[in-house]
Every structure is written in structure tokens, then in C-alpha cells.
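Q: I would like to learn how to read the main features of a structure like this one. Could we go through them in turn?

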Amino acid sequence: MSRPPETTTCEVVEAALEAYVDGDLSGERRRRLGEHLLACPACRRQHELAEEILRELRSLPRPDAPPALIRRILD
């Protein structure tokens with residue numbers, strides 16, 4: 001007997017949106033989330049906002065600090 005397909009709810013999308021935007025999801029899970037985003041205006045708006053935030057963060061200047069200091073901060 002086969003399992004019914006998993007339902008991708010808004011809650012599932014919300015929990016996985018960061019990984020989706022970061023490109024950390026692949027395969028079936030990414031496909032299901034993408035389908036949900038196409039069909040759900042509310043989740044699509046959240047996705048667009050997450051993409052906009054990521055673009056803004058990437059546009060910020062990189063800190064000009066010695067590499068050793070950056071390593072210490074990240075550790």
C-alpha cells in the first residue's frame with residue numbers, strides 16, 4: 001500500500017522558507033514548497049519578502065576587519 005502524498009501547508013512553508021530561500025532544500029521537498037508558493041498568495045508574499053531581505057543583506061558592505069578578529073567573533 002502506498003502512502004498518501006504529504007500535504008504542504010502554510011505552516012510547513014513558514015518553517016522551511018529560510019532554507020528554501022537560501023537554496024538549502026532540494027528534490028521533492030523544494031518542488032512541493034515551490035508548488036505551494038505558486039498556489040498560495042499569502043506564502044508567496046512571505047517568500048517575496050524573504051527574497052527582498054536577502055538581497056538587501058547581500059548588498060550591505062562587507063566589514064573591513066582583520067581576518068583574525070572575524071574568526072574570533074565567529075568562533
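The dialogue below takes up the core, the salt bridges and a surface patch of this predicted model.

Q: Which residues form the largest nonpolar core?
A: A nonpolar core is a set of buried nonpolar residues joined through side-chain atoms within 4.5 Å. Here the largest one has 11 residues: Val 13, Ala 16, Leu 17, Tyr 20, Val 21, Leu 25, Leu 33, Leu 37, Cys 40, Cys 43 and Leu 54. Helices α1 (10-22), α2 (27-39) and α3 each supply at least two residues of this core, and α1 gives the most, with 5 residues.

Q: Which residues does Leu 25 touch, leaving aside those up to four places away in sequence?
A: Leu 25 touches Ala 16, Ala 19, Tyr 20, Arg 30 and Leu 33 on that count.

Q: How many salt bridges are found in the whole structure?
A: Side chains of opposite charge can pair when their charged atoms come close. A search of the whole structure finds 2 salt bridges. In one, Glu 28 pairs with Arg 31, with the closest N and O atoms 2.3 Å apart. In the other, Arg 31 meets Glu 35, also at 2.3 Å from N to O. Through shared partners, Glu 28, Arg 31 and Glu 35 join into one network.

Q: Where do Arg 31 and Glu 35 lie?
A: Both are in helix α2, 4 residues apart, about one turn of the helix. Glu 35 counts as partly exposed because its relative accessible area is 44%, between the 20% and 50% cut-offs.

Q: Which residues form a nonpolar patch on the surface?
A: Leu 49, Ile 53, Leu 57 and Leu 60 do, with about 380 Å² of accessible area together. Ile 53 lies in helix α3 (residues 41-59) and is partly exposed, at 44% relative accessibility.

Technical notes:
Residues are numbered from 1 along each chain as its sequence is written. This is a predicted model: local features need pLDDT of at least 70, side-chain atom pairs count only at pLDDT 80 or more; totals for chains, interfaces and linings use all residues. Side-chain values use heavy atoms; hydrogens and water are left out. Patches are made of residues with over 30% relative accessible area and no salt bridge: like charges are joined within 9 Å, nonpolar side chains (Val, Leu, Ile, Met, Phe, Trp, Tyr) within 5 Å. Accessible areas come from the Shrake-Rupley method with a 1.4 Å probe; for residues, only the protein chains shown count as cover. A salt bridge is a side-chain nitrogen of Lys or Arg within 4 Å of a carboxyl oxygen of Asp or Glu. Buried means under 20% relative accessible area, exposed over 50%, partly exposed in between (1.4 Å probe, protein chains only). Contact means heavy atoms within 4.5 Å.
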